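Biologist: Could you show me the model, so that we can walk through it together?

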Amino acid sequence: MKKLVSLAAGVLLAGLPFAGSAFAQDYPTKPITVVVPFAAGGPTDTVARLVAEVMSQDLGQQVVVQNVGGAGGTLGAGQVATASNDGYTLLLHHIGMSTAPTLYRSLPYDPTADFEPVGLITAVPMTLVAKKDFEPNTLEELVAYVKANGENITYAHAGIGSASQLCGMLFMDALDTQMTTVPYQGSGPAMTDIIGGQIDFICDQTTNTTSQIQAGEVKAYAVTSPERLGNLPDLPTTAESGLELEIGVWHGLYAPAGTDAAIVERLEAALKTALANETVVSRFAELGTVPVSEEEATPEALAETLSSQIELWRGVIEEAGVYAD
Amino acid sequence: MDIIASLGLGFSVALDPTNILYCFIGVLLGTVVGCLPGIGPTATIAMLLPITFSLSPAGALIMLAGIYYGAQYGGSTTAILINLPGESSSAVTAIDGYQMAKRGRAGPALATAALGSFFAGTVATLLLAFFAPPLARAALNFGAPEYFALIVLGLLVSIALAHGSILKALAMIVLGLLLGMVGQDIYTGQPRFTLGFRELYSGLNFVSVAVGVFGVAEILRNLENEKERDVMVKAVKNLWLSKDDIRRIVAPVLRGTALGSLLGVLPGGGHILSSFASYSAEKRLSKTPEEFGQGAIEGVAGPESANNAAAQTSFIPLLTLGIPAHPVMALMVGAFILQGITPGPNVINDQPALFWGIIASMWVGNVLLVLLNLPLIGLWVKMLSIPYRALFPAIVLFACIGCYSINQNIFDVYAIGVFGVLGYVLIRFGCEPAPLLLGFVLGPLLEEHLRRAMIISRGDPSVFVTRPISATLLALALAAVIIAVLPGIRRKRKEVFVEED
């Protein structure tokens, strides 16, 4: 398929040398907009800005991050789905790309059919943390405690479709129990109530929890990544403690469907350059995450992750019966 | 001793010439965007975030903080001059500030706003320096029941916002509460009053509603009769405060500063209440409450001090615990992270120069703002002599561009038109827009905290009276209602007497 496309492109280039070069070879000739479907300053926005900075240098054109927030990221994604597929409007979305088709029963776009995947970027690990005086001290104790107390335990999350809500669903799924889930308008207020002891427990991205864990403001139980984290070396992984709960807030870069293969290839190369960049690696480390490997920063890897995650979340969400519309 | 040394360190950072420059750029930009209706500090900081990439952490954060509190100064300018509040806090300033401007006292109103804000800013800076960590700890005692009680108190006390019928004010608050419900229910994701439009899922935009019911409605009203147009008052009596004015604003500024400083520390929405609370307090304490709504200088002095104090103390939860109190603070978190600093309890120890530098820069910024704003008053007042037919279309256009630029959501622009018409209808019915805006801003918070408290208590409403802080606040709210109703009853009795005579 890929061969066929490049063959077609080659024919096109031979037949219409002028138009062809103007279209794909000179790309990019003007600034590129990367839509982030969340507010500026959030974790996804931060990832986007760090990557966009280096991609700009590589592409020789400004890569501008545009925040189109609202409706759990579906507004921004919907906007890119219908945008012109000339390679100048891209989407940087996280795990929500795979949960939206199930969470929203009337989604106006199709995450697989309406986009060309460019590549995976990073998977931000999550941590299970609780208020300081929460009874259990280890993950084993936590699991037993939650099983014993069920709905008497309050679990905070940052709204439907948020990473913390997804992690909570997985956790309850793994333990086959229910807790009282309390939604907040974002991670900040949820963390405030954990620190203040108003609520028991949350599973949230390292971006939001690392500094509070290091300062001893919250009690941490485990990290949901396959390996321990560099900046929280004492925190065991969920697998170490025998809990089957692995989740990372994976981020991907997409172009609208039908974008020229040569353009996608160029973007893929720029993305790889960005992910290998020293500043990006060190900033990601401060956020408690690492860029994906070179093999994963590819359209194939993103397409596969996306479709397998859509399947995974369809099962989890339908079982929980929680929808966003 | 420790604090003095720390403040010394802070000032050595803040008074670094480059940082003074960034601080100045920040407060200047803040003043400008505060003046331009539509473009608030949130949008500005969001747009400038990428630029701060290349600055030093201190420079970047000093500049962004400057934009935020600078906008609190600037926001009052349009509220006073043309009845267009750009922020919920300046909605209150518009009530009496605009009336002062209509009476040719735009100068003193602007001067009061600037001086009140400066004083409040100075006090809040000292509070930040001396008591930030304990204040942040105290604020953590506020959970959902406490916030619910606080907002109930705020809503009930704010009936004083209206100078007409209490019934109409209540109706406006309720209408505002309903408008605040538009959008996705945060607990179930259910869209409410969205008429099937995905663009309405995140609710109505505050700026659109404010520009509509205040600004556009005022323009429509003025179109009714071209000859009696009263927006522009050519005879500006004086620019500076008279001795009498100064005497009248001292106490409101002090009270506003105290109220604002305390409310600002509460991350769950305290800063929104500050100016409304201060206005209500001033009206209650005033010997001449009938002047409120007719251009009472106290009605500008109190709320302006309160909102500036709150703007600054709302940095306390962010700087000491790393938790954002509102969307602007969430952006500041993003700015910290972009600079490679994760905001949290450790910032004060790991980055003392940055922590104290930001605090000290706030005072420097306030000095800069006063120096910048006092000479500008003359210029602002002159702006009123721009022909109405040029000024107002331009302002509405700016507002539309500003609203659109925040979310790229065309519905935010439509909303300006819709609420302009609604606002005009309300004016014709003798209803006031301020209580409506208050309901609109506080409604979602009220609902959020009420439902969260009930979820956490697993459906037991007694949490509101068994938790001491919440019980106290609700008792105060009850007292406020009784006090509000009593004179009404007495007056009615008198009226009955009069009729019988």
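This is a predicted model: local features need pLDDT of at least 70, side-chain atom pairs count only at pLDDT 80 or more; totals for chains, interfaces and linings use all residues.

Biologist: What radius of gyration does chain A have?

Modeller: The radius is taken over C-alpha atoms, and the globule rule is 2.2 Å times the number of residues to the power 0.38. With 325 residues, a compact globule would come out near 20 Å. Chain A agrees with that, at 21 Å.

Biologist: Is helix α4 of chain A largely enclosed or open, and which residues of α4(A) are buried?

Modeller: Helices (H or I, at least four residues) and strands (E, at least two) are DSSP runs, numbered from the N terminus. A residue is buried if 20 or more other C-beta atoms lie within 10 Å of its own, exposed if 12 or fewer, and partly exposed in between, with C-beta atoms placed from the backbone. Seven of the eight residues of α4(A) (residues 74-81) are buried, so the rest of the structure largely encloses this helix. The buried ones are Thr74(A), Leu75(A), Gly76(A), Ala77(A), Gly78(A), Val80(A) and Ala81(A).

Biologist: Which element gives the most to the side of chain A that touches chain B?

Modeller: Two residues are in contact if their C-beta atoms, placed from the backbone, lie within 7 Å. The contact takes 41 residues from chain A and 41 residues from chain B. Elements giving two or more residues on the chain A side include α3 (43-59), β2 (63-67) and α8 (187-195). With five residues, the one that gives the most is α8(A).

Biologist: Are α3(A) and α14(B) oblique or parallel to each other?

Modeller: Axes are lines fitted to C-alpha atoms, for helices over the stretch in contact, and angles run from 0 to 180 degrees between N-to-C directions. α3(A) and α14(B) (residues 327-338) pack at about 40°, with axes 10 Å apart. Angles under 35 degrees count as roughly parallel, over 145 as roughly antiparallel, 65 to 115 as roughly perpendicular and the rest as oblique. The two helices, α3(A) and α14(B), are therefore oblique.

Biologist: Which residues of α3(A) and α14(B) make this contact?

Modeller: Both helices take part. From α14(B) come Gly334(B), Ile337(B) and Leu338(B). From α3(A) come Asp45(A), Thr46(A) and Arg49(A).

Terms used. Residues are numbered from 1 along each chain as its sequence is written. Chains are lettered from A and ligands numbered from 1 in the order in which they are written.
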